[in-house]
Protein chains: 4
Amino acid sequence: MITDYQQLQRQVLCAQDFETLAQTQLDEALFAYIAGGSGREISLQRNLQAFSNVRLLPNSLQNVAQGSSAWYYKNHRFSAPIFLAPVAHQRLLNEQAEIASAQGAEAIEQGMILSTFSSYSLEEVAQASAGWQAFQLYHQPRIEDSMDLIRRAKQAGYQALVITVDAPVQSVSLQARKLGFQLPQALPPNLEDYPNPSVELAKDESYIFQGIMSQALNWQTLTQLIEFAKNLEIEVWIKGVLNPQQALRLQQLGVDALIVSNHGGRALDQAPSSLQMLPKIRQAVGAEMTILLDSGIRSGQDIFTALANGADAVMIGRLQVYALAVAGALGVAHLLKVLTEELQMTMALCGCASLHEINATQILESADV
Amino acid sequence: MITDYQQLQRQVLCAQDFETLAQTQLDEALFAYIAGGSGREISLQRNLQAFSNVRLLPNSLQNVAQGSSAWYYKNHRFSAPIFLAPVAHQRLLNEQAEIASAQGAEAIEQGMILSTFSSYSLEEVAQASAGWQAFQLYHQPRIEDSMDLIRRAKQAGYQALVITVDAPVQSVSLQARKLGFQLPQALPPNLEDYPNPSVELAKDESYIFQGIMSQALNWQTLTQLIEFAKNLEIEVWIKGVLNPQQALRLQQLGVDALIVSNHGGRALDQAPSSLQMLPKIRQAVGAEMTILLDSGIRSGQDIFTALANGADAVMIGRLQVYALAVAGALGVAHLLKVLTEELQMTMALCGCASLHEINATQILESADV
Amino acid sequence: MITDYQQLQRQVLCAQDFETLAQTQLDEALFAYIAGGSGREISLQRNLQAFSNVRLLPNSLQNVAQGSSAWYYKNHRFSAPIFLAPVAHQRLLNEQAEIASAQGAEAIEQGMILSTFSSYSLEEVAQASAGWQAFQLYHQPRIEDSMDLIRRAKQAGYQALVITVDAPVQSVSLQARKLGFQLPQALPPNLEDYPNPSVELAKDESYIFQGIMSQALNWQTLTQLIEFAKNLEIEVWIKGVLNPQQALRLQQLGVDALIVSNHGGRALDQAPSSLQMLPKIRQAVGAEMTILLDSGIRSGQDIFTALANGADAVMIGRLQVYALAVAGALGVAHLLKVLTEELQMTMALCGCASLHEINATQILESADV
Amino acid sequence: MITDYQQLQRQVLCAQDFETLAQTQLDEALFAYIAGGSGREISLQRNLQAFSNVRLLPNSLQNVAQGSSAWYYKNHRFSAPIFLAPVAHQRLLNEQAEIASAQGAEAIEQGMILSTFSSYSLEEVAQASAGWQAFQLYHQPRIEDSMDLIRRAKQAGYQALVITVDAPVQSVSLQARKLGFQLPQALPPNLEDYPNPSVELAKDESYIFQGIMSQALNWQTLTQLIEFAKNLEIEVWIKGVLNPQQALRLQQLGVDALIVSNHGGRALDQAPSSLQMLPKIRQAVGAEMTILLDSGIRSGQDIFTALANGADAVMIGRLQVYALAVAGALGVAHLLKVLTEELQMTMALCGCASLHEINATQILESADV
C-alpha cells in the first residue's frame, strides 16, 4: 500500500493507473473477482467499447476562466458529479474498508453509496464520516428486514436510499471462481439480525425460479418499499435500470433518481452497455428526472461523455476499489481528484464552463460518423 | 474421465467448461475433428459471433416465482427445449457412446436424436433408454435402404424421423486431416446390411456431380421418404434448413418440424449462421410451424437468444460430445442441467416466467444498436 | 519439389495448401515478393476480406447428378472457368517455368495467359503446349515494339491478346525489398529485340510524370493497339479494370473481354477489392460482355462467389506460382483439379448443375445481413 | 545518424521507414513522447484508421506525361503541397534542430512552420534558410508578449503567422511519462524575454479553469491578435480546427487559411480524426478558403487522400521529426522527396496530371462501399 502522497502522484498519471497498480498488489483470484464480469464478459467489454466509440467534438477558444465542475443536488454542493458506487465486502481490499472510502469521498466533497454488504455496519460508517452518503439496499427475503434496514439508514443519517433491482441472481466471474475465489461466508454486519429463511424445493421445482426468484424483489414489494421510505422521508434512487419502459414505470412510482447500470457487466451478460441505453432512457423520462450513469467509467473524459449523453452524474465502482486497495482513503480521495481534473480538462477542451453546458452537441452524431 | 459428481460440479461452472475439459483429455486430432468446421471455418466463427452480437434487454422486477422452462411437444413434456443433436461415431469419445448420451438425456427429461452413423445400432440404443428419442436419417444410395431404416426406427419406438438435407458432401476439418484424423472405416452398425453400391465414372464425369451427387437426396426422393414415413405414422423433421424458400417448400410437403442449421459450420463454409437465418425462416413459415435451432449454442443464454429470435427449441452438438468424453452419461446429464439453469437464469433476468413469454421484445433491435 | 502424385494428394487437401507448402520451400525474400502487395498491403487484405465477408445461401435437394463445371468461350470448351493469370519470371520458381504452367493447364483442359515477362519466349511456350493460351502485353515505350509482340503472338497461335492497363508503375513489396529481393536484371526473352529507349529528365521534371508515365499506355495508344490487333484478327482482352466508367469506354472500343483486377493488390494500394467493383462493372457493361475476375481467389468457393457476383470466369495468380514451385507442371495441374472440385462441391451445395445457374440469388444480400 | 545519401536511399523505401529507423536510434522515452498521443490514444489510432479505410479508385490510361505536383499559394510555387508542421524542441532529435528542418524543406522547395517552442530562436532560423517559412504562435499569458512575437516574426521575414488554438492544455503521452520523459525545463529561446506570470489559486479554484484556462487564448484575444497581425500585413493561418462552426466563425474573422488538425492525437483524446472532419469543414467554408490537413499523414498516398477529401495542402509532423533524427537536413529533404514521389505515383495511377484534378471522384463513396 502506498502511503506517501508524492509517490502516489508520481505513479498515478490518470485514473486508470489505479487498476494497473492494484493488479500488481492484489491476489490474482481477488483481482479477477473485481475486474471480471458475468458469463463471457460481453457486457463488460461493451461498457468500455461504448465509451471508446464516442467522438467528442472539441470547441476551443471559449472563455472558461470562471469554469467549475460543481454539481448541486437538492441544495447539496458536490465538487463534481461523481459518486462512489456501492461495492460489497471492501475489507477484502483494505482493513479500513468502507470507512476509508467514505473519508476519501468526504475529503474531496463528493458522495458515497454504502453497500448492504459493507464490511462495516451502516451505523459505523455513518459515524466515521460527515460526508454525503446514501445507503444501497439489496432486498431481503423477508420484507420486514428490508424495512428495518431502511429505518436504520434513515436514523443513521443517510441522505438517500439506493435500491438495486438488476441482480436478483448474482454471479461471480468464472475466472475468479476457477482461481479459487470465494466470497466471505459470514453474514455481513448489516444483515446479522436477518438470517436467511431456508427454502425447500419440491422435486420438480427449479432452483432458479422457485428458489432464488421466490425471494427476489418485484414490482409489488418495490412499491411497498418505496412507500415505506417516502413515509420516513428518505429519498429513493433505483439502481440497475437499462430498460426504458421500466424507467418510465419507476418514474411513475415517484422515485427520485434512476441509476442506469448493467451492474458493471456483472449481471446479465449480453445486456447492452449502460451508455448505449442512457439516451433512450433520458428520452423516456424527460429532462427533469435525475439520472446517474454507472458501468464503464474509467476516466474523467468518460464522465463528460456520460453527461453529454444525458446523465446528470456518474458512479465509480471498480476504480474506487482499486484506489482503496492501492492507498486506502488517500487513494480514494486522489482518484476522485484525478477524475475531477480529467473531467475539467475535457470541459475546457470542449468549451464548457459548467456542467449545464455539456450536452449532445459535443458528441459527433452517428450519422456524421 | 470424471466419475465423481462433486468433482464434476466443481470443474464445470458453465456449459462451455466441458469444451475446456475435453480439450485436455482428447487426442489432438480427434478434438480438432470435433471442434473444427469446413473450409476456412468462416461459418463456424459466424455461428458464435452471431450470438455474441445480440443485445438482450433485461427486465427485472417481474414476478417469476412460478416460472418454468418446461416445453411441451405433442403431449410430451421436456424439462427444457433442448435436444441432443445427432452426432456420429460417439464411441470415439466414450465406450458407452450413444447409450450414455441417451441415458443422460433421459435422466434430465430431455430428448435425444440418434445419428444414422451411431456406434450402437438404433435397436440397441432404443432398448437401453426409455427417454424421448428420434432417429436421424442420412439418405442411402438405394431408397429401399433408407425406407428400411425408417421402418426399423418406427419399430424400435423412435418418436420422430429427422432427415438431414444439408450435407450431401461431408468434409472433415482440414486441421483434423492434417493431424492424421480418420473416420472409422467400417460400416456403422445401422448400415451393416446396406453396402454402398459402387459408382463407375466415365472419363469426363465429375467425382462430385456424377459420383457423390448422383446418390444424394433430392426433392423427388425426399417426397417419397416423407410419404413413406407418414404411412408408418412417424413424424418427419427436416434438419439442415437455411434457405427460407426451401423452408416454405418443406412446409408445403407437410413436414412436422424444421431444424435451422448450418451443420455446425461443417457443411458449406461461408453459409450464414443459423441464427441469422432463423427470423427469416420463421417469417417464411409463420408462427405455427415447429422450428428448432442448431449450430452455435454454447450456453443457456444462447438458448434464450434462439427462442427470442423465433425458435421453439434448440439442438446441442459439440457440447454434448465434450460432456460425453468428460464424464459419460453423467456428463451429458450435467451438461443439460447446467444449460437448463443458465436458460432459467436468463429468463429470470429478462422477466420471463415461461417459454411463451420469450420473444423479440427481449432483443434490442438492430436499429436501436 | 514434390514429384510423387500420391504424396502431393496427401499434402494438398485444399488449394490454399499450396501456399503453405511453397512457403516452407522458397527463399524468404522470393516468397515475400510473391505473397506481398504494394504499400501497406491494404488492397491485398481487402481482396481476401471481400471474399470472406460473403454469405452463400445453400440450396440442397436440387438434382445435380447431370452437373458440370464446363465453360464454353467462342466454341472452346474449358473444364472449368479458370485461367492461369499472367505471372512474370516464372523461372524464379521452377526451371521449366511457363512451359510447366502451360502443360499443367493443358492437362486439365483449362487456359493459360503468358506474361510479357515470361522466362521462356512466347514462341517456345507455344511450341511446348497445345492448350488454349493467350498472350499478355505490357505496352512497350515504342509502339512499334508492342505491335511486333502482337504480331508474334498471333503468328505463334495465341488465342487472345490480354493488354494490362493498371500497372504503369510497378512496385515490388516493401517487405521483399527489405529482404534483398531483386527482379532479374536481364531483358526477358520476349523483349530482347526491344531495348528500352533512355529518358533524360530536365532539372524540374518528375521521375514519375516525365519519366515513367511518358512511356505509359494511354487511351490514344491503346486505341491504336486494339485496332492493330483486330486487323490481325486476334481477340483483345483488357486486364486491370476497376473503374466502371473505364469499363464502359473499353466496351465502346470493342474489346472482347474485361478482366476486373487490382493486380492482386500489387498496383495502387487502397484500391478497392476487385470483388467489390465486379457488380458495379457488370452493371455498367450489361449482361453480354465477358468479364473475368482476378485478385483474391484462393479456393473453388471463391470462384463460385465471383461468378455469383457477375464474373464469367476467373484468373489465378499466386496459387499458380505456389503450385509451380511445389510440384511443377504436376502441381499446376493438381491445383486446377482441386479448384475445380471445390467449385463443383460449392455448386452442388448451392444447387447449381451448371455455371449458368450461378447468380446473385445464391448470395445473401447486404440488406439481409 | 545516417550521413551517406546512398545508404539513406537503400534504407528508406517509403516515407514510413523513417519511423522504423528512428525507433531503433532514439531513446525509448523520447520515441514514446514523439510517437504517443494523449489519453488512451484513441484519436491517434483514428487518424491512421481513417486513411486506411479510404478506397481510392484508380483511373489508368490518362495521359499524364505533362503532370506536376506543384502547388501555388499567393504567387509562391511549392514543389508539392506539403509543409513541415511546427514541432517543438527539435534539438531533442538533432543538434541542428529547426535549422536542419528549414534547410531540408528549402532544398526541396517546400514550406516549413517554425514552432514557438523551437530550440533555435525564430531570428536564427530565418537567417539560416531562405525557404518559405511561417511562424507558429502559442498565445502567451500576456497578450503584449504574443504581439511581440508576431512583430518579431514579421520583421524576420516569416510569410505567415500560424496561431494554434486547439491545445490550451497539453498532455505528454502517458507512456512517455512512465518511461521518465521530461520536456526541457528552460524557457525556449523565443520566449526568454517573457517569463510566465505566476497564478495564485484560491482554495476552491480549479487548477484547470482558474489556472491554465485563465491564460488561454479565447475568441476575444484571438480577434485582437488577428487584427494586430493584419495591421502588420502578415497572413494569419489558424491551426487546430475540427469544429465546422468554429471554422465558419474563423472565416468570418478574415483568416487566410485553416489547418484542420486534432494535434496528431495529442490534444483531446476521442476527438474525431481530422480526415473525418475535413469534408464537413470544406462544406462549411466553401471552395475558396485555403485548408490544410494535419494529423495522420504517413505517405504520399495519404496526401492524395487528403486532397481528394477537400484539403489544398497538408502538414507533416511525426515523420518530419523521425527524418530529422535519422539524417538531419538530408533526412528531412529525402522525406519530402519520397512523399512527393509517392504523391505523384498515386496521381499517376488515379489519372491526375495536376493537383486541381484531385477531387472526390477518386474516392469510392461510402454508399458504394
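The paragraphs below describe the interface of chain A and chain B in a predicted model, then the relation of chain B to chain C. Local features need pLDDT of at least 70, side-chain atom pairs count only at pLDDT 80 or more, and totals for chains, interfaces and linings use all residues. Residues are numbered from 1 along each chain as its sequence is written, chains are lettered from A in the order in which they are written, and side-chain values use heavy atoms, with hydrogens and water left out.

In chain A, 35 residues are in contact with 41 residues of chain B, contact being heavy atoms within 4.5 Å. The two chains bury about 3,100 Å² between them, 57% of it on carbon and sulfur atoms; this is the accessible area (1.4 Å probe) lost on putting the two parts together, summed over both. On the chain A side, the most area is lost by A:Arg40, A:Phe209 and A:Leu268, together 23% of what that side buries.

Two salt bridges cross this interface, by the rule of a side-chain nitrogen of Lys or Arg within 4 Å of a carboxyl oxygen of Asp or Glu. B:Asp17 forms a salt bridge with A:Lys178, with the closest N and O atoms 2.6 Å apart.

By class, the side of chain A that touches chain B has 19 nonpolar, eight polar and eight charged residues; Ala, Val, Leu, Ile, Met, Phe, Trp, Tyr, Cys and Pro count as nonpolar, Asp, Glu, Lys and Arg as charged, and the others, Gly among them, as polar.

Chain B superposes on chain C by a rotation of 90 degrees with 0.0 Å of shift along its axis (RMSD 0.0 Å), using least squares on the C-alpha atoms of residues with pLDDT of at least 70 in both. That is the relation of a four-fold axis.
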